[in-house]
Amino acid sequence: MKNTDKLFELSKVDAVLVISEKNRMYFTGFASTFGYLVLLHNNKNIFITDPRYYEMAQSLSRDGVEVVQIANGTSATDALNDIFRNYDVKSVGFEDTELTVQDHSVLKHKLAGVKLVPVGDFICTVRSYKTETEIAYIRKAQSITDIAFSEILKVIRPGITERDVQVELEYQMARNGAEGLAFDTIIASGINSSKPHAHPTDKVIELGDPVTMDFGARYHGYCSDMTRTVFVGQPSGELRKIYNVVLLAQTMGINNAYCGMAGRELDSYCREVIKSNGYEQYFVHSTGHSLGIDIHETPTASMRSVDMLNAKQFITCEPGIYIPGVGGVRIEDLLLIEEDGVTDLTTSDKTIIIL
Ligand code: ZN
Ligand code: ZN
């Protein structure tokens with residue numbers, strides 16, 4: 001069970017009601033499709049569930065979490081109202097970043113005795129600082145992803161399709177310990193590679209094609225994320241130039257990253273290189289994002305980001321250039337920010353790969 005002191009320090013509420021699957025997973029480490037977690041001060045936490053999970057949820061009691069089962073004929077909101085009365089709770093934080101408008105109006109109606117306070121952004125902030133266990137899971141997820149990349153290089157050749165590459169890459173991640181995917185794999189070859197988020201198709205890979213692969217594994221619920229663009233046969237002069245510019249941009253970003261920098265500053269290190277080479281209009285997304293249980297978490301590194309990159313936070317560095325009708329290149333590594341420096345967790349080679 002996560003320490004919730006920081007959340008209460010930021011939100012100043014008497015209790016926090018956690019309903020979304022991923023935030024319940026975050027705070028408890030317990031995966032379930034249904035449940036209400038009530039966080040109270042001094043690490044007193046109560047998990048409300050139904051008979052499907054009651055027995056499994058007993059494992060939470062080892063962490064001092066009280067597990068309450070909703071009995072037949074009663075509702076979760078009845079149980080919540082009992083808890084709020086018993087603990088003299090007047091203000092309850094809720095996940096405004098996760099709940100639907102309908103969920104919120106039901107809560108407002110059923111929990112009429114308390115004041116509902118939006119705390120979604122505070123939960124995102126707390127989640128952005130990773131514990132040692134979370135860092136270990138993300139490191140492992142990234143190492144699985146790197147291994148899968150080294151395996152896929154043995155498979156890519158003219159004549160196979162983007163879908164073939166996708167299936168093999170996902171198989172290699174599973175084979176090397178992934179419990180699932182961090183997100184839908186992106187495979188884009190030839191002129192498809194000018195679309196940053198192209199889905200794999202039945203397109204056959206041909207000689208001279210760039211192949212961009214953006215993929216990640218999930219390990220103990222935590223994501224990894226990397227992108228490489230490789231070439232099948234010799235690339236055109238223009239694609240080779242684009243590759244070198246993107247690599248230089250990414251290297252500038254990574255080499256200049258430091259603990260306490262602004263996300264916007266990391267973005268500008270990459271963007272300036274692309275701009276000075278005349279490709280600014282073709283770098284159409286931000287430089288990076290954090291990850292964790294979600295593939296996109298705060299902080300972010302973009303032109304407009306107001307986030308700082310602090311110790312125990314992650315950020316990707318993933319500049320790209322995409323020219324419609326020509327093709328595109330993206331290179332993405334995952335960085336861990338720590339007080340004494342920034343570690344690039346992505347170990348795969350970035351010198352141009354021509355298969
Ligand atoms: Zn990615
Ligand atoms: Zn990414």
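**Zinc site, helices, cysteines and rings in a predicted model**

Q: Which residue coordinates both the zinc ion (ligand 2) and the zinc ion (ligand 1)?
A: This is a predicted model. In it, the zinc ion (ligand 2) and the zinc ion (ligand 1) are 3.0 Å apart. One residue coordinates both, and that residue is aspartate 225.

Q: Are aspartate 225 and histidine 289 buried or exposed?
A: Buried means under 20% relative accessible area. Aspartate 225 falls in that class, and histidine 289 does too: buried.

Q: What are the protein donors of the zinc ion (ligand 2)?
A: The donors lie 2.1 to 2.2 Å from the zinc ion (ligand 2). Their spacing along the chain reads D-x63-H-x28-E-x13-E. The donors are Asp225 (OD), His289 (NE2), Glu318 (OE) and Glu332 (OE).

Q: What span should helix 10 (residues 263-276) have at 1.5 Å a residue?
A: Helix 10 has 14 residues. The expected span is 1.5 Å times one less than the number of residues.

Q: Which elements do the buried residues of helix 10 pack against?
A: The buried residues are Gly263, Leu266, Asp267, Cys270, Arg271, Val273 and Ile274. They pack against helix 9 (237-256), strand 13 (261-262), strand 15 (297-301), strand 16 (308-309), strand 17 (313-317) and strand 18 (320-323).

Q: How many residues does helix 9 have?
A: Helix 9 reaches 29 Å from its first C-alpha to its last. That is close to the 28 Å expected at 1.5 Å a residue. Its buried residues include Leu239, Ile242, Val246 and Ile254. The residue count of helix 9 is 20.

Q: How many disulfides does a search of the whole structure find?
A: A disulfide needs two cysteine sulfur atoms within 2.5 Å. The search of the whole structure gives a count of zero.

Q: How far is the nearest cysteine sulfur from that of cysteine 270?
A: Cysteine 270 counts as buried, at 0% relative accessibility. Cysteine 270 is in no disulfide. Its nearest cysteine sulfur is that of cysteine 317, and the distance is 3.7 Å.

Q: How many aromatic pairs are there?
A: Rings pair if their centres lie within 6.5 Å. By this rule the count is eight.

Q: Is the pair of tyrosine 137 and tyrosine 219 stacked or edge-to-face?
A: The ring centres are 6.0 Å apart. Tyrosine 137 is in helix 7 (residues 132-152) and tyrosine 219 in strand 10 (residues 217-219), 82 residues apart. Planes over 60 degrees apart count as edge-to-face. The planes of tyrosine 137 and tyrosine 219 stand at 70 degrees, so the pair is edge-to-face.

Key. Residues are numbered from 1 along each chain as its sequence is written. Chains are lettered from A and ligands numbered from 1 in the order in which they are written. This is a predicted model: local features need pLDDT of at least 70, side-chain atom pairs count only at pLDDT 80 or more; totals for chains, interfaces and linings use all residues. Side-chain values use heavy atoms; hydrogens and water are left out. Donors are N, O and S atoms within 2.8 Å of the metal (3.2 Å for Na, K and Ca); water is not among the atoms, so sites may look incomplete. Buried means under 20% relative accessible area, exposed over 50%, partly exposed in between (1.4 Å probe, protein chains only). Helices (H or I, at least four residues) and strands (E, at least two) are DSSP runs, numbered from the N terminus. Contact means heavy atoms within 4.5 Å. Rings of Phe, Tyr and Trp (its six-membered ring) pair if their centres lie within 6.5 Å; planes under 30 degrees apart count as stacked, over 60 as edge-to-face and the rest as tilted.
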